[in-house]
Amino acid sequence: MESIWKHNIEKSSFATMQGDMNTDVLIIGGGLCGILCAYMLQKAGVDCILVEADRICAGITNGTTAKITFQHGLIYNKIINMYGTEQAKLYYQSQKNALEELTKIASSLETDLNFCNSFVYSLTDRAIIEKEMKALDKIGCKAEFCEKTELPFDVAGAVKIEKQAQFHPLKFAYGITKDLAVYENTKVLGLKPHTAVTNRGKITAKKIIVATHFPFINKHGGYFLKMYQHRSYVLALENVLEMKDMYVDEGIDGLSFRGYKNLLLLGGGSHRTGSEGGNWAELEGVVSKYYPSAREVGRWATQDCMTLDSVPYIGQYSKAMPDVYVATGFNKWGMTSSMVSAMVLTDLVRGIQNEYRELYAPTRSVWHPQLAVNLFESVKGLLTPTSPRCPHMGCALKYNKAEHSWDCPCHGSRFEENGKLINNPATDDKNE
């Protein structure tokens, strides 16, 4: 089965680039982030082109559960502890602005937009929920502590925030690309100063935005150390009670819930890409226990880039690349973070100082505990003496029995059994 977002929808189709081109801003990557960057730049009157190696929204975007919220787990207490209250306020303001802009655009299109409440819950730790409540109070965000929810099990506590939203991500993405300069099946092979070399010709640009999920240029920025990838699984179920709001466990490997029309989208079974995890089998156990009458109508998996401090990297790609920008590391919250990226980068490529620039700067400190974990996994993958190897940086691939794929535990590249590339940062098929 596949993502329900692909059901009964007319896909947008765009031409392949033919010959050399010139533009003010080139966006590389046709997922929601890249599309929003192109949309906002065009709205600001900037000449821009978007190129996608495959078809737009063919990757991570069609696997999202499409929750539009600034409630990203228990992020605010975490940011206060790391960076202070003022930085947490900036994160809140930027994500809140993104939610408002995203829902404003979505409301003008047929996107199945639905406003609802958002909950982050804990099964066992009431104190951790209370700490988040205090953090939200400090930054001026209205929230409510709850013990009763729509969930089929008891919780120790939950943070409730009103006026969040959810929608159909492909209806939205296809809706805003109609008037954009988009070229599909146009793969960027490499970058030179102000030039992208593609399989269809060269593109000269004053500024370049890399929105390829995981950045593909290894020698600058150190993203292969600053991020890892995390897989999550979803079941679409019918014949269950309607769920009006959306929920997520505070733990990275917990469960996620949202409704869509007559369906329940149940997420979970998560694990670091290339490691063992619960996958769909874990979700099937949840269904058996709490929804025995449910009928499965769809299943899919997705993948997220996780940063060292749970804050995305949005801004200059590296100090050595002043006219190249990046948006990545959305930590499972790609809807509002994609819009934040578009809003911030639209300012930066035009030379406008943006108040959120320092918060999201990819060049900020890397000294966080997760760095040691990433280094360990990379060294382990490089030293494992087995084949096949990942063409990205040479790590040993692990076979994923649940999805019949070869996955890289170092940086998250994935390949079909026949070796064809599925997920980046690798840009070529796997090596034997």
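Tutor: Let us settle one word before we start: a residue is called buried under 20% relative accessible area, exposed over 50%, and partly exposed in between, using a 1.4 Å probe and protein chains only. This is a predicted model, in which local features need pLDDT of at least 70 and side-chain atom pairs count only at pLDDT 80 or more, while totals for chains, interfaces and linings use all residues. Residues are numbered from 1 along each chain as its sequence is written, and side-chain values use heavy atoms, leaving out hydrogens and water.

Student: OK, how many disulfides are there in the whole structure?

Tutor: The search finds 1 disulfide, where the term means a pair of cysteine sulfur atoms within 2.5 Å. Cys395 and Cys410 form it, with their sulfur atoms 2.2 Å apart.

Student: And which parts does that pair tie together?

Tutor: Cys395 lies in the loop between α10 and β18, and Cys410 in the loop between β19 and β20, so the pair ties together parts that are 15 residues apart in sequence. Helices here are DSSP runs of H or I with at least four residues, and strands are runs of E with at least two, numbered from the N terminus.

Student: Is Cys410 buried or exposed?

Tutor: Cys410 counts as buried because its relative accessibility is 1%.
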